Amino acid sequence: IGAGVSGLVSARHLIDAGLRPTIYDSAKAVGGAWTPADPEDQSAAVKMWSGLRTNLSKLTCRFSDWPWSEDASIFPSVAEMNEYI
């Protein structure tokens with residue numbers, strides 16, 4: 001399973017079902033498309049530009065059991081998404 005948002009949610013459900021999933025990802029950190037570029041890792045793609053924000057509010061773009069912090073932007077930035085994930 002990859003370490004993007006969908007992979008993390010899938011892993012969570014597998015764990016809840018009593019399984020032990022293995023998470024693989026080409027990046028060194030979790031986040032999938034929201035993983036920031038690593039200047040030391042030439043294989044890491046620059047997936048998001050620094051000024052990008054989600055097109056969904058933090059009220060709808062969230063894990064059901066992990067709320068956003070009160071001070072997060074209504075439409076989170078790349079940095080906020082990466083911190084949240």
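A residue counts as exposed when its relative accessible area is over 50%, as buried when that area is under 20%, and as partly exposed in between. The model described here is predicted. By this scale D16 is exposed, because its relative accessibility is 54%. D16 lies in helix 1, which spans residues 5-16.

The protein chain contains 2 helices and 0 strands. Helix 2 covers residues 78-84. Of the 85 residues in the chain, 29% are buried. The chain exposes about 6,000 Å², and carbon and sulfur atoms supply 58% of that area. Among contacts between residues at least 6 apart in sequence, 28% join residues at least 24 apart.

The largest nonpolar core has 10 residues. Its members are W34, L52, C61, F63, W68, A72, V78, M81, Y84 and I85. One of these residues, A72, touches K58 and E80 when residues up to four places away in sequence are not counted.

Three salt bridges were counted by the rule applied. R12 takes part in one with D16, the closest N and O atoms being 3.5 Å apart. These two residues are 4 residues apart in helix 1, so about one helical turn separates them. R12 is partly exposed, because its relative accessibility is 41%. R12 also forms a salt bridge with D65, where the closest N and O atoms are 2.3 Å apart. This second pair links distant parts of the chain, with D65 in the loop between helix 1 and helix 2 and R12 in helix 1, 53 residues apart. D65 is partly exposed, at a relative accessible area of 43%. Together, R12, D16 and D65 are linked in a network of salt bridges.

The remaining salt bridge joins the side chains of R53 and E80, at 3.7 Å from N to O. R53 lies in the loop between helix 1 and helix 2 and E80 lies in helix 2, so the pair ties together parts that are 27 residues apart in sequence. R53 is partly exposed, with a relative accessibility of 44%. E80 is buried, because its relative accessible area is 19%, which falls under the 20% cut-off. E80 is also touched by A72, a member of the largest nonpolar core.

The largest pocket has a volume of about 260 Å³. Its lining consists of L8, V9, R12, H13, D16, F63, S64, D65, W66, Y84 and I85. Helix 1 supplies the largest share of this lining, with 5 residues. The lining includes R12, D16 and D65, the residues of the salt-bridge network. It also includes F63, Y84 and I85, which are among the members of the largest nonpolar core.

K58 lies in the loop between helix 1 and helix 2. K58 counts as buried, because its relative accessibility is 12%. Not counting residues up to four places away in sequence, K58 touches W68, S69, E70, A72, S73, I74 and P76. Two of these contacts, W68 and A72, belong to the largest nonpolar core. K58 and A72 are 14 residues apart in sequence, and their C-alpha atoms are 7.8 Å apart in space.

G31 is also placed in the loop between helix 1 and helix 2. At 1% relative accessibility, G31 counts as buried. With neighbours within four places in sequence left aside, G31 is in contact with A3, G4 and I85. I85 is a member of the largest nonpolar core and lines the largest pocket. G31 and S6 are 25 residues apart in sequence and 9.5 Å apart in space, C-alpha to C-alpha.

L14 lies in helix 1. At 30% relative accessibility, L14 counts as partly exposed. Its contacts, leaving aside neighbours within four places in sequence, are I1, L19 and P21.

How values were computed: Residues numbered from 1 in each chain as written. Predicted model: local features only at pLDDT ≥ 70, side-chain atom pairs only at ≥ 80, totals over all residues. Heavy atoms only, no water. Buried < 20%, exposed > 50% of the residue type's maximum accessible area, 1.4 Å probe, protein only. Contact = heavy atoms within 4.5 Å. Areas by Shrake-Rupley, 256 points an atom, 1.4 Å probe, with all protein chains shown as cover. Core = buried A, V, L, I, M, F, W, Y, C linked by side-chain atoms within 4.5 Å. Salt bridge = Lys/Arg side-chain N within 4 Å of Asp/Glu carboxyl O. 1 Å grid on protein atoms, 1.4 Å probe; cavity = no way out; pocket = protein on both sides within 12 Å on 5 of 7 lines; lining within 4 Å. Points joined across faces, edges and corners; volume = space filled by probe spheres on them.
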